[in-house]
Amino acid sequence: GKIHGIGARYCPSIEDKVVRFADKDRHQLFVEPEGLDTTEMYVQGMSTSMPIDVQYAFLRTIPGFEDVKMMRPAYAIEYDLLDPLQLYPTLEVIKLPGLYSAGQSNGTSGYEEAAAQGLVAGINAALKIQGKDPFILARHEAYIGSLVDDLVTKGADEPYRMMTSRSEYRLILRQDNADLRLTEKGHSIGLVGEERYARFLERKKKYEEAMDYIRTQRFTPKEEINRALESMGTAPLTTGTGADQILKRPEMTYRKMMEMLGCPAFDEEAVEEMEITVKYEGYIARQEAAVRKAARMENEKLPPDMDYLSLDGISTEARQKMDKIRPLSLGQAARIPGVSPADISVLMVYVKQRKGKKGAE
């Protein structure tokens, strides 16, 4: 009862588990060696803030731990945070230009989330000093984009952790295409050196060669082709068919097409990327259509000096939240909790009216 902060949702303490999952009569623990050259073990799943005598008492109820000794007792921390709603998507503090905030101080859990923010804040601080445009990754371009947008648009009432499920575009935010998505951006702002960039261009060229082949090659229903297809457990052709359509079959791989249909060999990484692109093409196309629709909202920039509190026809909650967050685009405004589609429609009218007045002037 002494701790009032909301704990990390994905690694609760043992006392949290007992309360939250009162219907369970057991909880799983993992005994993890701390390293190759130590006898120290970490009891994963038993984080706690109980007094030391209580910790000893319950640890010794675990089979094999009857004579356990603690190197260090478990302990709890509570930390204050800077409300991330006070930040621009560059991670610059809205009311203190030139100051950037990154890391757990913005309400996230540590490690990857903190590193991602440090990268964004560092890039933008450097670009600002150089008088260059800010660097903002969109939600469809990188998980960093989703992470930062969630923080500065929705805030954090518990330690925020980046998970794939938080991104509506996770089908195109894959590990295999991360370099294709981001290397050119890194090169344009000076974070990717020429040697690495040359390697990337070579890989991209190999991928494009593989894609060009699979898109343009066609097979006709010849006897030897159909015999090969049937031997691979797939249906014979009845009409001319593109190589990409054959590859889309669930039982088909490009390696089989090389062995049985005489398709040329390509770089292994390029083939993997090509297979993913072809097999998931329908789903990817659907997601890319959603990206284009969202991009129209993101491209509609909002004036930085917009007086949201004086806008009629928009709910009081929406006006207050937009005034606090100062969204940079209609897209960001639409993602603010409490801002309805009706509010966005009215806001669009105000933006168009304002543009018309500026044009007349």
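Modeller: Happy to! The radius of gyration here is taken over C-alpha atoms, and the globule rule is 2.2 Å times the number of residues to the power 0.38. By that rule a compact globule of 361 residues would come out near 21 Å, but the chain has 27 Å. Please keep in mind that this is a predicted model. Along the principal axes, the C-alpha atoms fill a box of roughly 80 × 80 × 45 Å. The chain holds 14 helices and four strands, and 37% of its 361 residues are buried. Of the contacts between residues at least 6 apart in sequence, 56% join residues at least 24 apart.

Now to the rings. Searching the whole structure turns up three aromatic pairs. One of them is formed by Tyr213 and Phe266, a tilted pair with 5.8 Å centre to centre and 50° between the planes. Tyr213 belongs to helix H6 (residues 194–216), while Phe266 sits in the loop between helix H9 (254–261) and helix H10 (268–279), so the pair ties together parts that are 53 residues apart in sequence. Phe266, with a relative accessible area of 23%, is partly exposed.

Terms used: Residues are numbered from 1 along each chain as its sequence is written. This is a predicted model: local features need pLDDT of at least 70, side-chain atom pairs count only at pLDDT 80 or more; totals for chains, interfaces and linings use all residues. Side-chain values use heavy atoms; hydrogens and water are left out. Helices (H or I, at least four residues) and strands (E, at least two) are DSSP runs, numbered from the N terminus. Buried means under 20% relative accessible area, exposed over 50%, partly exposed in between (1.4 Å probe, protein chains only). Contact means heavy atoms within 4.5 Å. Rings of Phe, Tyr and Trp (its six-membered ring) pair if their centres lie within 6.5 Å; planes under 30 degrees apart count as stacked, over 60 as edge-to-face and the rest as tilted.
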